[in-house]
Amino acid sequence: MLQIIKFIRKANIMAMQIIDDSLFDKAFDLFTRIKQQNFEYVYRGFFSHNISKKILSLADVNIQRSLGVSALQKRIYYIMVEGLQNISMHQEDADDYLEKYPGIFAIQKQQVYYYVTTGNLVLNERIPDLKSRIDKINSLDKDELKQLHKEVLRTGAISDKGGAGLGLIEIARKSGNKLVASFELVNDKYSYFYLQTRIPIQKGEEETGDDYSKLRSALISIKKLHLTLNVENILLYFNGFFTQENLLNLLSIIKGRMNLSLTTIRLSNVMVEMIQNIIKHGHKIDDNEGVPGIFFIRQLDSGDFALLSGNYVTQEKKKLIEDKLNFINSKDLDEISELYDEILLDMDNVDSLRTGLGFYDLRIKSSAQLQFKFLKVSENLYFYILQTIIKNVN
Amino acid sequence: MEPIILQPTDDTPEVILNPEEKIFRIERVSVPEDAFEFYQPIIQWIKEYGKNPLPETVFEFNLEYVNTASNKQLMQLMLALDEIAQNATVIVKWFYESIDEDMLELGKRYQKIAKRINFEFIEI
């Protein structure tokens, strides 16, 4: 009898492994596709006032890391504020569809430009008006734009969205470049409205007409990413430098967008462990820039959640992590729980990879074994991916 | 003894250790990067307090998020309280959100190890 029970248990574990492996491969595939695009920061989801504030400070921390506090950083900040306001203004029109078609906000750095892109639902009936406004703005030169800005301020030609169109004018003025807009039909009521601005890192890189096609292709890459994030149902996505400050911002974003439940609490706790693990053990490519990495949360078809982190580690760390994860995966939950108590009492605070509780905690909170992969990047460097599955118990 | 009063931050809890007012409390969020650094002075204070404790110490924990690095430090803190419980009464009131069974479980772990403390588990 005992034999049979053992057999069934083993078969169950194996079945779970098979399913999870395919999920993991898919996540990995998604990860590599995204990684090539050089996104500094991407957010997909609902944009409340509070979430927008957190997104802004997350993105700004990332930009400050590359640019320092500078006039350029402030200009980008300003453009981000206007862009985020633009999104939250429009999403009021689309309450019933937001769950299914969330917006996107992305910062990309490519060669000598920063790109700020927003994507959100708009009512189809508003498209002609938006198009003509953008065309008008794009037809004006610097002085004419300034003139228009003054005029709108003075006459208070308030649009029905209360924005007076000032946001778009400001974005165009601050960037010194043309606005690139694109509309993707979603259904008979809504379309996605994508707006991309590019900001030259060095002055004097102002737009000439024939650059327009390059801008278009930068926008296409974001649209593709947005589609992927939508199809894969990625609730939270972060790609950039990991710091405690960023982690706290991500935590409040989760809090802001999900109802309080055991699942949410677990997601938050597991995210804290995974990201602090990156901060502690991840390899810095450049000493000044912090630990680069990626983190995202996917909701699976089953309703469960998959949390995935990716970062660089040295060969030495790889060995330690690998050994520890293999060890943990070889134990059942009762054994893990006993080990947890032992480690709680272990006073060594120095070598957290040996005596840390992080992985044990992940294993206890997860409904499956921890999955991981190491990809060789160079002689001594690996890209390390970890996935934790959290059951939706609500 | 000089009380310890620490205002909460985004990643560290509010801490009040005040024997005169009979308030011993740690609450909100505890997810610091360096939990050892944060909790060391607190644990030292409790050890010092243990030399001449009140006949009854009621210590309240009301935590929302705790990272594992804090878990280890809280274990040390519990052990310090457990020492005090040798000669005085120590009650730990462990508050947890009704939905948060993980937080309850953490309290139970401490109870299992710090056997001389009287634990009360209180659902919010």
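Residues are numbered from 1 along each chain as its sequence is written, while chains are lettered from A and ligands numbered from 1 in the order in which they are written. In this predicted model local features need pLDDT of at least 70 and side-chain atom pairs count only at pLDDT 80 or more, whereas totals for chains, interfaces and linings use all residues.

Reader: What percentage of the residues in chain A is buried?
Author: A residue counts as buried if 20 or more other C-beta atoms, placed from the backbone, lie within 10 Å of its own. Chain A holds 13 helices and ten strands, where helices are DSSP runs of H or I with at least four residues and strands are runs of E with at least two, numbered from the N terminus. Of the 394 residues in chain A, the buried share is 36%.

Reader: Which elements of chain B give two or more residues to the side that touches chain A?
Author: Contact requires C-beta atoms, placed from the backbone, within 7 Å, and by this criterion 17 residues of chain B meet 21 residues of chain A. The elements that give two or more residues to that side of chain B are helix 2 (68-84) and helix 3 (101-113) of chain B.

Reader: Which are the edge strands of the open sheet in chain B?
Author: Strands pair if DSSP finds at least two bridges between them, and the open sheet of six strands in chain B has the order 1-2-3-4-5-6 with mixed pairing. Strands that pair on one side only form its edges, and these are strand 1 (4-6) and strand 6 (118-123) of chain B.

Reader: Which residue in strand 6 of chain B does B:Trp94 stand opposite?
Author: Strand 5 (residues 89-96) of chain B runs parallel to strand 6 of chain B, and six bridges join them. Within strand 6 of chain B, the residue opposite B:Trp94 is B:Phe121.

Reader: Are helix 1 and helix 2 of chain B roughly parallel or roughly antiparallel?
Author: Axes are lines fitted to C-alpha atoms, for helices over the stretch in contact, and angles run from 0 to 180 degrees between N-to-C directions. The axes of helix 1 (residues 35-49) and helix 2 of chain B come within 10 Å and cross at roughly 5 degrees. Since angles under 35 degrees count as roughly parallel and those over 145 as roughly antiparallel, helix 1 of chain B is, relative to helix 2 of chain B, roughly parallel.

Key
Buried ≥ 20, exposed ≤ 12 C-beta atoms within 10 Å, placed from the backbone. Contact = placed C-beta atoms within 7 Å. Parallel < 35°, antiparallel > 145°, perpendicular 65-115°, else oblique.
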